[in-house]
Amino acid sequence: MLRTDLIDLSHIQDPRLVRLADYWQDKRRDRSIPFRADIDPVDFPRLLPNVWLVQYEPAQDRFLYRLSGEEIRRVHPGIAFGRYMDEFLSPQALARIQPLYRDVLGLDGGTPTILHMQGFVYRMSEYGLSATGERLVLPLLNGDAEPRFIFGATLYRFDPIPRTAPNGDPPITRTAIPHTQWTSDTPAK
């Protein structure tokens, strides 16, 4: 059956991220966003070192890392299962990243959004490294059908000679998720 509700993510370049986007779209079924229970990171073993999963905890208004692949932990050793984002990011990095995560989940009155970045995906000068790459950031629903999880993958290439990231953040493509139907009558797994 040909799906007519696919979100246009044709701007994604890396074939691994294209497959991840296709997987996410397939797991949506007849919903706008898939449930966290629908996603199994082992379904894409070649990308597993580069994936991460974050849970938003509304009572504390904080983001908790639930999964971080080997490559993600290599670049950011502070990222670990069970750590809050504000425990290991610098205040400057937190001020840039937290609003993006809130945007993905539609927490401030907007609709959830898919983020795609290319170029300097990190301000590597903060970490003494220099790298370019591509990142895909996707929302997921919790068991109560609320967007509360962020599932992402970051691919990067390190420069042989560290260089300073350009001023400003990398270009970000924001793709709003149609709000036609958050969930179906099908409960989460």
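Let's start with histidine 116, which lies in strand E3 (residues 113-119); strands (E, at least two residues) and helices (H or I, at least four) are DSSP runs, numbered from the N terminus. This is a predicted model, in which local features need pLDDT of at least 70 and side-chain atom pairs count only at pLDDT 80 or more, while totals for chains, interfaces and linings use all residues. Residues are numbered from 1 along each chain as its sequence is written, and side-chain values use heavy atoms, with hydrogens and water left out.

Histidine 116 is buried, at a relative accessible area of 2% (buried means under 20%, exposed over 50%, partly exposed in between, with a 1.4 Å probe and protein chains only). Its side chain makes polar contacts with the side chains of histidine 11 (3.2 Å) and glutamate 134 (2.6 Å). A polar contact is a pair of N or O atoms within 3.5 Å; within protein, one must be able to donate a hydrogen and the other to accept it, and residues adjacent in sequence count only if both atoms are side-chain atoms.

Now to the charged pairs. With a side-chain nitrogen of Lys or Arg within 4 Å of a carboxyl oxygen of Asp or Glu as the rule, the count comes to 9 salt bridges, including these:

| Salt bridge | Closest N and O atoms |
|---|---|
| Arginine 16 – aspartate 14 | 3.0 Å |
| Arginine 62 – aspartate 86 | 2.7 Å |
| Glutamate 87 – arginine 83 | 3.8 Å |

Salt bridges that share partners join Arg62, Arg83, Asp86 and Glu87 into one network.
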